[in-house]
Amino acid sequence: MSKPYDPAHEGAQMTFDGRMSYGDYLQLDRILGAQTPLSTAHDEMLFIIQHQTSELWMRLALYEIHAARAALRDGQLSPAFKMLARVARIFEQLNAAWDVLRTMTPSEYTRFRDDLGQSSGFQSYQYREIEFLLGNRNPAMLRPHAHRPEILVRLEEELTRPSLYDEALRLLARNGIAVPAEVLERDVRQTHQAHDGVTEAWRQVYQAPEQHWPLYELAEKLVDFEDYFRRWRFNHVTTVERVIGFKRGTGGTGGVPYLRNMLAVELFPELWRVRTVL
Ligand code: HEM
């Protein structure tokens, strides 16, 4: 009989006394020790892991969008494109993840929903930071974080900086495309409002892609990302309706009607409008 295969023969490291292992590097004990269901319901583990993995992907999305914004500010378009492409793929990943959660039926969710208390994704501070960073800025959304000063400060600071879209419009202006001064000098704490002058700016780019190729590529990267983000919102509201119907959310909103309102959010409005005028 042949001996069982021993990976050590081809050099696999098999002893880790005093040496950094895979689990050490990734701090797996911390991550894998952070799933603590509050009920005995079988599906609560799925619910927890689904949210935790989403938050991990959001962590990376934030890291990339912050860097992409800095790159746009510095006129470094190629790295910004790469980061934005990655963020779109992250959202594609998050979109695919809904299929796993949808295996949970309303009967199964009801078994542990009360244990969640008032907690809800509505209070996800990373999600709120993504929205703020992209330009969907509602200072009222700071309030659920008032009990966590370090998070509140982080979100408040984000509201003082130009959004990713503001930086894209400033870049347009620096490259000789006329962008209305009132848009460039707007109060960045507010959500940008669609402006015909900005649609006209993007129209110039789209009408002569060869002449404005980097700006054209930027526009399409932003649209691509918003496209995936919209799908995330749609998948979320559909999953929510499938699981809780029209019950109120644990976070206290009307639930599905609230989330349907959010489907109307436009992050880069003129990039969608320009399609109509081409
Ligand atoms: C069965 C699964 C889920 C249900 C029933 C559900 C339900 C809801 C409801 C009703 C809201 C509105 C706020 C409220 O009143 O609670 C909400 C918001 C939210 N949920 Fe979920 N959710 C689910 C899964 C998820 C997952 C997996 C994520 C991923 C992190 C997530 C992230 C969010 C976020 C970020 C918001 C805030 C959206 C906004 O303010 O625009 N949810 N959810």
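Trainee: Which residues come nearest to the ligand?
Mentor: Ser 120, Gly 121, Gly 249, Gly 251 and Thr 253, out of the 24 residues around the ligand. A residue counts as near if its C-beta atom, placed from the backbone, lies within 6 Å. Keep in mind that this is a predicted model: local features need pLDDT of at least 70, side-chain atom pairs count only at pLDDT 80 or more, and totals for chains, interfaces and linings use all residues. Residues are numbered from 1 along each chain as its sequence is written.

Trainee: Which elements give two or more residues to that shell?
Mentor: α3, α11 and α12 (256-262). Helices are DSSP runs of H or I, at least four residues, numbered from the N terminus.

Trainee: Which one gives the largest share?
Mentor: α11, with five residues.

Trainee: And how many are nonpolar, polar or charged?
Mentor: The shell has 10 nonpolar residues, 14 polar and no charged ones. Asp, Glu, Lys and Arg count as charged; Ala, Val, Leu, Ile, Met, Phe, Trp, Tyr, Cys and Pro as nonpolar; the others, Gly among them, as polar.

Trainee: New topic. What does Ala 168 contact, leaving aside neighbours within four places in sequence?
Mentor: Leu 72, Leu 218 and Leu 222. Contact means C-beta atoms, placed from the backbone, within 7 Å.

Trainee: Now Gln 27. Where does it lie?
Mentor: Gln 27 is in the loop between α1 (22-26) and α2 (28-32). Its phi is near 55°, a positive value in a residue other than glycine.

Trainee: Why does Gln 27 count as exposed?
Mentor: Because it has 10 C-beta neighbours inside 10 Å. Exposed means 12 or fewer, buried 20 or more, and partly exposed in between, with C-beta atoms placed from the backbone.

Notes:
Two residues are in contact if their C-beta atoms, placed from the backbone, lie within 7 Å.
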